Amino acid sequence: MRDLVQAGLHDTVRPSNYTMDCFVTSEIGHNDVITKCRPGAGTTGTGAYVGVGPCQNLTYIGALRPRVAIICDSRLDNMIEHLMFKMLIERANDPLDYLLMLFSRVIEDRPPSSLMSEPEGLIAALDSGIPDPAAHRDTLAWLHSEAKRRWEFDHWHLDRLTRLYGEFFQRQLDITAVNKECADALGSPKLRDVILARNTQGRNFHFLTDGNRFSYVRQMHLNDRILPLVGNFSSATSIELINGLLAQFGELADTIYLSNIEDHVLGRYVLGPHGVASEPNPDGEFTGSWAHSYAELVDRLSALHTAPDAMLLRFIYQGERWGRSVGDDLEPTVSRLQTFFHSWGRKPASLLDTCL
C-alpha cells in the first residue's frame with residue numbers, strides 16, 4: 001500500500017471536470033442502495049468493491065462486506081482524507097471513539113453501549129462531548145507523525161491534511177460535501193443527516209451505527225484492504241491500475257459505485273462557491289463532446305475486470321425525460337452492470353434514458 005500512496009502523492013493523473021471540495025457525501029440514499037444489493041443471509045462477503053468519493057464508501061464496505069475495496073478519485077485531497085479516516089479508524093475501539101477523534105471532542109461520562117444501539121443514541125453521545133482545541137492539536141500532531149512515518153508525507157501534503165482535519169473540527173456534524181454557502185444553496189444534507197438517515201422500511205446501514213459493520217471496516221483497514229488511489233474512471237491508465245490491483249488480490253469487481261460522476265462528465269451542471277454556477281447540458285444529452293466523453297467512460301467501465309453479476313450503483317440529479325420525472329434530488333439507481341451496458345447499446349439520447 002505504501003507504493004500506491006506514494007504514486008498518488010507524487011504522480012499526476014488526467015484531471016476531471018470536478019474541481020470542488022467534497023469533504024463528505026451528500027447522498028442519503030445509501031440505505032436504499034444497500035437494501036437492493038447487500039449480501040444474503042449466511043453470505044460471508046463479496047468480491048471486490050470499486051468506488052469513488054469520500055466517506056460513503058466506508059458505509060458500502062461495512063454493509064456489502066467486500067474482500068478488497070479500491071477507491072479511485074481524481075482529487076488528491078480525497079486520497080489524503082481516506083488516509084486520515086484510516087489512521088483514526090485503526091486507532092479507535094468503536095464508532096464513538098472514532099467520532100470523538102474525528103471531531104476533536106472530549107466526553108466526561110461515556111454512556112453505556114446499550115444507549116448507543118440506535119443511530120440517535122450514538123449521535124446523542126457525540127453531542128454530549130465538547131469540542132476541544134487541545135485534543136484537536138494533539139490528534140493532528142499524531143496524524144502528521146503517522147503520515148510522515150507510514151507514507152512520507154511532505155510539508156505540502158501535511159498542509160492538506162491539516163486543512164481537511166480542520167474542516168471537521170470547525171464544522172462538526174454540520175459538515176457538508178461542499179462549503180456552507182454552496183451547501184445551503186443546494187440544500188445539501190449535513191453529515192448528521194447522513195448518519196441518521198433510514199430507508200422507507202426504517203433501516204439504517206451506516207457503518208458507524210453498528211458495531212459489526214464498524215469492526216469489518218476497521219479490520220479491512222488494518223489489513224490494508226481498503227486502497228485509496230488517485231485516478232480517473234475515464235483514464236485507461238487508471239483502469240489498468242485497478243485491474244492490476246484486482247489481479248494482485250485474486251478478485252473481480254462485483255460492485256462498482258460511480259456516485260454522480262456521470263452528471264459531471266456530461267456537464268449537467270457546474271458547481272461554484274455559491275451553488276450551481278451553470279448548466280451546460282442539463283438533460284445529459286449524448287451530443288458533441290459530451291457524447292465522446294461519456295462513451296469513453298463506458299469504454300473504460302467495460303474494460304474493468306468484473307464478475308458476471310456485478311452491480312452498478314449510480315446517483316443522478318433529478319431531470320425530466322419523455323414527460324416523466326427521473327430521479328429525486330440524488331436518487332440512487334441500482335442495476336446489474338450488464339443491464340446498463342445493454343441500455344447503452346440501444347443508443348440512448350440522454351443519460352436519463354439509461355435510468356428509465
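## Strands 1 and 2

In this predicted model, Y49 stands opposite A69 of strand 2, and strand 1 (residues 46-51) pairs with strand 2 (residues 66-73) in the parallel sense over five bridges. Strands and helices here are DSSP runs, of at least two residues (E) for strands and at least four (H or I) for helices, numbered from the N terminus, and two strands pair if DSSP finds at least two bridges between them.

Residues are numbered from 1 along each chain as its sequence is written. Local features need pLDDT of at least 70 and side-chain atom pairs pLDDT 80 or more, while totals for chains, interfaces and linings use all residues, and side-chain values use heavy atoms, without hydrogens and water.

An open sheet of six strands, with mixed pairing, has the order 5-2-1-6-9-12, and its edge strands, strand 5 (226-230) and strand 12, each pair on one side only.

H206, in the loop between helix 10 (191-196) and helix 11 (211-222), counts as buried because its relative accessibility is 4%. Leaving aside neighbours within four places in sequence, H206 is in contact (heavy atoms within 4.5 Å) with residues including H30 and N31.

Technical notes:
Buried < 20%, exposed > 50% of the residue type's maximum accessible area, 1.4 Å probe, protein only.
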